Structure formats: structure tokens, C-alpha cells
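Here is a short report on one protein model. Look at the sequence and the structure first, then read on.

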Amino acid sequence: MRHTHRYSSAMTPQRQAPRLILAPLKGFTDEVFRNTYAEHFTGFDEALAPFVAAAGAERFTEKHVRDLLPHRNTRLPIEPQILGNNPDDFIFLARRFHEMGYPDVNWNLGCPFRPVTKKRRGSGLLPFPEMVDEFLDKTLAAIPGGLSIKMRLGHNRVDEIFKLLPVLNRYPLKEVTIHPRTARQMYTGLPDLNTFGVCLENCRHRMVYNGDITDLTSFRSLAARFPAVSAWMIGRGALSNPFLPAIIKNGHDGIAGKLEKFKTFYNDLFARYQERLSGPGHLLDRMKGFWTYFAGAFKNGQNIGKRIHHTFTLPRYLDTVERFFAEDVGWREE
């Protein structure tokens, strides 16, 4: 099975269809979602899986890699992502993924959540370029495949990345993905496109852009501004509008019957999580989480989002969704 695609750094969105990557959203873009999405929609070339916490031999169990079992990930090429700051644990897990058939892994330097960052993992490592240097020096010499990195501009300040880029430039990385916000911003405020542009000019590696690609207009604006970008990573925008990757790939929105196609996708997704998750409470929580994004696809999305948020039993949730689809639902167009 082929898990990754390799592209020349000379390829740009102006010369061919853009390379699109499904972003890793913990609790959302797991194996069930990835497979179901790829059955119903097109546009993504590959996916970066949500992070797996690095674990050494003494703590490793098969649960760590269950979401990435190759025979359960055949719809979309996948690259595993590892979160951690211990080189030995990272090396052990990277080797395990390589044995499973994944040639490359990604190191998470972007997670902004406090329980992660306070342990100097994820974006909590960004203010410490010397630690990143030591990690890469030990890790790259020991893992059998390639290494890519997904990161933010910094933890506290956007200029933290300027001390990191010289470190990254010294190593043979496969690719660098940047979400142009700090960890403190989380997902609020505007991406700092000026700082991203400086990074693009000063990073010798292939660069992937991630952040706030929500429609064809926003993509075209970014692609025109940054023609040297190697690929584009989309997460929340694709959950809010699952047709978005295909629209970007095609360069126009000519998709008919969106509501019926979405309902078929939603029904399959619900049924598969119903089989996978234990108990109605887990299923309800998972689907309510998805509707925080799905609601954005509809003209009256704020209304359905609030109604689903206030459902606390699975029967009430099912009735709310059924009533919503029975209404004169309007798909939100650009």
C-alpha cells in the first residue's frame, strides 16, 4: 500500500492542481472519519493523522497504533504524527510505524493545548531551539525513514520561529508545515501571513501552509501570495464544507446535490461510529463535536448548532437532526 506521495519542490499551485492534505484534528480526523470522508468526497491527496504520544518499549501497547493499522487505512495515504520530546521514545515509535509500512513520520511542534505545552511538548518546545536541535541530532540519525515537522510560529511570540529556522535548515527534513499563529492565539485572531512569508523565504525545506482555508476565494488569495508553497493543509474548513477540497482542486464550484450527498455521508459516519464507540454517551459526544463544524455548511447553521448543543440524550439528538433535515435546509454557498 502506498502511504505518501513525493513531489518536486518546483511544483506550485500555478503549474498543476494543488496538493491538498487533510489536517490532523484530535478527536475528529481518525480512521473512521478519514475512510468515510474519502468514500464520499474527493480532493485530498493524503492525510496527516492526529498525533500519537511517543512511548518507549516499556509503555508501548497496540492501542498506540490502532488508528493507523494499514489494513484499516486504505482509502487515503496517511502519514503518522508523533508528539513528544524524548528522542528514545520517538525513535522507538517511528521504527514501529516504519515496520507497519509507513516510510515517513511527522513531529508535532504545533499542539497549543496547555496540558501538552506545559511539559515542553508540541508548541511548548518552540521557545527552546537548543532542545529541538538536540532532539533532531539524535533522532534523524536513528529513524529509518523521513521526518517532517508541523509547527506554529511560536508559543508566546511569532518571532520565536526565527531562532528555530536555522536549526531546521541544518537537517534533512522531508517537509515543514507552518500554521501561522502562536500557541497563545489557539485558533483565534488572524494568521500572520507576513511572518509566514518571511519563513517561506528563509526555510530551505519544502513548505506546507496550514490555517484558515475556508473557501475557494481564501485559497486563491493564499496561492497567489505564496506560489512557492509545496502543499496546502486543510482541517476545520473541510469539516465545515466537505466539498471544499474538490472545489479547490477543480478551481470552481460546480457540484450539484450537495445536501443529499452530505446526508449520505453523515448517515454512514454516524453508523460507523455507532458500531465503534461504546455506549450512547460516547456516540452523542462525538457527533455533537462534529456538528460544531457541520453546522457551518448550512445557511441556518447557527440555529442547528445551538439545538444540537442542547441535546443531552441520543434519542433527542436523533430527533433534532431528523427534524433539521426535514426542514427547508439551505446549503451555504460562497
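Which strands each supply at least two residues of the lining of the largest cavity? Strand 2 (46–48) and strand 8 do.

## Ground rules

This is a predicted model, in which local features need pLDDT of at least 70, side-chain atom pairs count only at pLDDT 80 or more, and totals for chains, interfaces and linings use all residues. Residues are numbered from 1 along each chain as its sequence is written, and side-chain values use heavy atoms, with hydrogens and water left out.

Helices (H or I, at least four residues) and strands (E, at least two) are DSSP runs, numbered from the N terminus.

## The cavities

Rolling a probe the size of a water molecule over the atoms shows where empty space is left. On a 1 Å grid over the protein atoms alone, a cavity is a set of points where a 1.4 Å probe fits but cannot get out; lining residues have an atom within 4 Å of a point. Grid points are joined across faces, edges and corners, and a volume is the space filled by probe spheres set on the points.

The structure holds 4 cavities of 30 Å³ or more.

## The nonpolar cores

In soluble globular proteins, nonpolar side chains tend to be buried together. Buried means under 20% relative accessible area, exposed over 50%, and partly exposed in between (1.4 Å probe, protein chains only). A nonpolar core is a set of buried Ala, Val, Leu, Ile, Met, Phe, Trp, Tyr and Cys residues joined through side-chain atoms within 4.5 Å.

The largest nonpolar core has 96 residues, and Leu136 and Trp291 have the most contacts inside it. Helix 11 (residues 280–294) gives the largest share of this core, 7 residues. Apart from this core lies another, of 6 residues, among them Ile21, Leu48, Val208 and Met233.

What does tryptophan 291 contact, leaving aside its neighbours within four places in sequence? The list includes Phe262, Tyr266, Ile304, Ile308 and Phe324. Contact means heavy atoms within 4.5 Å.

An α-helix has 3.6 residues a turn, so residues three or four places apart point the same way. In helix 7 (residues 216–225), Leu216, Ser218, Phe219, Leu222 and Ala223 are buried. They cover an arc of only 160° around the axis, which puts them on the same side of helix 7. The arc is that of the directions from the helix axis to the C-beta atoms. The face turned away from this buried side carries exposed Thr217 and Ala224. Helix 6 (193–202), strand 9 (207–210), strand 10 (231–234) and helix 9 (244–250) are among the elements covering the buried residues of helix 7.

Now take helix 12 (residues 301–309). Its buried residues are Gly301, Ile304 and Ile308. Their arc is only 65° around the axis, which puts them on the same side of helix 12. Gln302 and His309 are exposed on the other side. The buried residues of helix 12 pack against helix 11 and helix 13 (314–326).

## Single residues

Is lysine 258 buried or exposed? It counts as buried because its relative accessibility is 6%. Lysine 258 lies in helix 10 (residues 258–276). Beyond its neighbours within four places in sequence, lysine 258 is in contact with Phe243, Ile247, Asp253, Trp331 and Glu333.

Proline 172 is in the loop between helix 5 (161–169) and strand 8 (175–182). At 62% relative accessibility, proline 172 counts as exposed. Not counting residues up to four places away in sequence, proline 172 touches Leu140, Arg204 and His205.

Arginine 120 is not a glycine, yet it has a positive phi of about 55°. Arginine 120 sits in the loop between helix 3 (114–117) and helix 4 (129–139). Aspartate 212 also is not glycine, and its phi is positive, near 60°. The loop between strand 9 and helix 7 holds aspartate 212. At 30% relative accessibility, aspartate 212 counts as partly exposed.

How values were computed:
On a 1 Å grid over the protein atoms alone, a cavity is a set of points where a 1.4 Å probe fits but cannot get out, and a pocket is an open set with protein on both sides within 12 Å along at least five of seven lines; lining residues have an atom within 4 Å of a point.
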